[in-house]
Amino acid sequence: MNLVPSERPWQDIYQILIDTVLPRPIAWVSTLGLDGERNLAPFSFFMPVTARPMTLAFAPMRRGHTPEVKKDTLRNIEASGEFVVNVVTRRHADAAHHSAHRLPIDADEFERAGVSAAPSIDVAPPRVAESPVSFECVAHRIVDLGDEAGSGHLVIGRVVRVHLADELLDDRGRVVRGRLEPVGLVGADDYLGLDGLFELVRHD
Ligand SMILES: Cc1cc2nc3c(=O)[nH]c(=O)nc-3n(C[C@H](O)[C@H](O)[C@H](O)COP(=O)(O)O)c2cc1C
């Protein structure tokens, strides 16, 4: 079978993407709102891009029912130009999963996710203290891919500082394979860890 994406409903195309491009690593993105409220949300349309400059990219999509309303993460980055990408590990996959809930823009999403904030050094948004790897980023470019449902933006971040937990590292400062325990997304609620598949239940 083959198909032309523009001839199909966006939901079918979204389904093909999430069923075939996997497992996807998860960017757990922290931002600050205009009034200083802390925002945290997971994004699996996420990838490393280049090493010099060090860049990462992720894609906040427009919501199906309210495509005209931008996600808080995107709004905050457009306003401040800063964000932190925190790596999601097995131990905090549940907290990351639940930080996808749609909350009022003034809610403290660190508190709601049950994680603590650690100060960043070069950007204002805090890091997730429990995450062993965090990338402090400034927005390099935000690419607008359209304004209809199923569309969205690609946010390219230039990493200005990397945080690596000491316990991940060998004596040469390199990450020891197996110590990070990363997770990837393979379905709406299904994840893949180093020891296999697991499912997380939504509590809402
Ligand atoms: C594991 C996981 C991965 C997700 N990946 C994405 C993604 O890549 N793009 C997206 O737009 N939404 C994604 N979502 C949904 C957002 O996290 C969700 O819309 C969230 O409410 C956005 O929060 P914000 O409005 O505070 O930015 C994902 C949700 C989960 C649980």
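Biologist: Which ring does the charged end of Arg 38 sit over?

Modeller: Quick caveat before that: this is a predicted model, with local features needing pLDDT of at least 70 and side-chain atom pairs counting only at pLDDT 80 or more, while totals for chains, interfaces and linings use all residues. Numbering runs from 1 along each chain as its sequence is written, and side-chain values use heavy atoms, with hydrogens and water left out. A charge counts as over a ring if NZ of Lys or CZ of Arg is within 6 Å of the ring centre and within 35 degrees of the ring normal. For Arg 38 the distance to the centre is 5.3 Å, and the ring belongs to Phe 110.

Biologist: How many residues apart are Arg 38 and Asp 108?

Modeller: Helices (H or I, at least four residues) and strands (E, at least two) are DSSP runs, numbered from the N terminus. Arg 38 is in strand 3, and Asp 108 is in the loop between helix 3 (93-98) and helix 4 (109-113). So the pair links distant parts of the chain, 70 residues apart.

Biologist: Is Asp 72 buried or exposed?

Modeller: Asp 72 bridges to Arg 75 at 3.1 Å, N to O, and both lie in helix 2 (residues 72-80), about one turn apart. Buried means under 20% relative accessible area, exposed over 50%, and partly exposed in between (1.4 Å probe, protein chains only). Arg 75 is at 37% and counts as partly exposed. Asp 72 has 12%, so it counts as buried.

Biologist: How is the ring pair of Phe 43 and Phe 58 classed: stacked, edge-to-face or tilted?

Modeller: Rings of Phe, Tyr and Trp (its six-membered ring) pair if their centres lie within 6.5 Å; planes under 30 degrees apart are stacked, over 60 edge-to-face and the rest tilted. Here the centres are 5.0 Å apart and the planes are at 50°, so the pair is tilted.

How values were computed:
Salt bridge = Lys/Arg side-chain N within 4 Å of Asp/Glu carboxyl O.
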